[in-house]
Amino acid sequence: MSEKKEPSVWDGFKAFLMRGNVVDLAVAVVIGAAFTNIVNAVVKGIINPVVGAIGTKNLDHYSSCLSSTCEGDQGIQILWGSVLGATLSFVITAAVVYFLMVLPMAKYLARQEARRKAKEGTQEVIEVTELEVLKEIRDALVAQRGSGHDRS
């Protein structure tokens, strides 16, 4: 009777880390963190001044008051400018990730798939051609045998 050795916790952890999706997720987090600084700079350096041409340069100052008085910390304020800034940051980040990473990778994978299918199609044509040649050789041999028997 052989006893099955259960994998250790360390082996299970290593197997978990070596899964492709965990590594992909880690890469995505690191790249996302790097893009955050760029996106924040674009929002603060370009978007906020463009919006500032209409009003204030800082979107955080845009708000609406729900109560009768909103002086300082008094009253109920809706800080819709902060929400707008965060939304713009998200949209810019999503656009950068999509256009610089997802779209090129999808096109690359589509080209690889097309090459693979073309290669398979060529392989099938070669196999069919070889089969046809073998059939022709067989028919020629059968014809030679048939004509050889007639001479005797």
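Mentor: Start with Leu-17, which sits in helix H1, residues 9-17; helices (H or I, at least four residues) and strands (E, at least two) are DSSP runs, numbered from the N terminus.

Trainee: Before that, what kind of model is this?
Mentor: A predicted one, where local features need pLDDT of at least 70, side-chain atom pairs count only at pLDDT 80 or more, and totals for chains, interfaces and linings use all residues. Residues are numbered from 1 along each chain as its sequence is written, and side-chain values use heavy atoms, with hydrogens and water left out.

Trainee: What is the mean pLDDT of the chain?
Mentor: It is 78, and 88% of the residues reach 70 or more; pLDDT is the predictor's confidence in each residue, from 0 to 100.

Trainee: Which elements have the lowest and the highest mean?
Mentor: Helix H2 (residues 20-52) is lowest at 77, and strand S2 (residues 77-78) is highest at 82.

Trainee: Back to Leu-17. Why does Leu-17 count as partly exposed?
Mentor: Because its relative accessibility is 34%; buried means under 20% relative accessible area, exposed over 50%, partly exposed in between (1.4 Å probe, protein chains only).

Trainee: Which residues form the nonpolar surface patch?
Mentor: Leu-17 together with Trp-10, Phe-13, Phe-16 and Met-18, with about 570 Å² of accessible area together. Like charges are joined within 9 Å, and nonpolar side chains (Val, Leu, Ile, Met, Phe, Trp, Tyr) within 5 Å. Areas come from the Shrake-Rupley method with a 1.4 Å probe; for residues, only the protein chains shown count as cover.

Trainee: How many aromatic pairs in the whole structure?
Mentor: Two. Trp-10 and Phe-13 make a tilted pair, 6.0 Å centre to centre with 40° between the planes. Rings of Phe, Tyr and Trp (its six-membered ring) pair if their centres lie within 6.5 Å; planes under 30 degrees apart are stacked, over 60 edge-to-face, the rest tilted.

Trainee: Are those two buried or exposed?
Mentor: Trp-10 is exposed at 54%, and Phe-13 is partly exposed at 41%. The other pair, Tyr-98 and Phe-99, is edge-to-face, at 5.1 Å and 80°.

Trainee: Where does UniProt place the transmembrane region?
Mentor: The unreviewed entry puts that feature at residues 21-43 and 88-110. UniProt positions follow the numbering used here, feature names are shortened, and annotations may be inferred rather than shown by experiment. In the model, residues 21-43 are 100% helix, and residues 88-110 are 100% helix with end C-alpha atoms 31 Å apart.

Technical notes
Patch = residues over 30% accessible without salt bridge, like charges linked within 9 Å, V, L, I, M, F, W, Y side chains within 5 Å. Salt bridge = Lys/Arg side-chain N within 4 Å of Asp/Glu carboxyl O.
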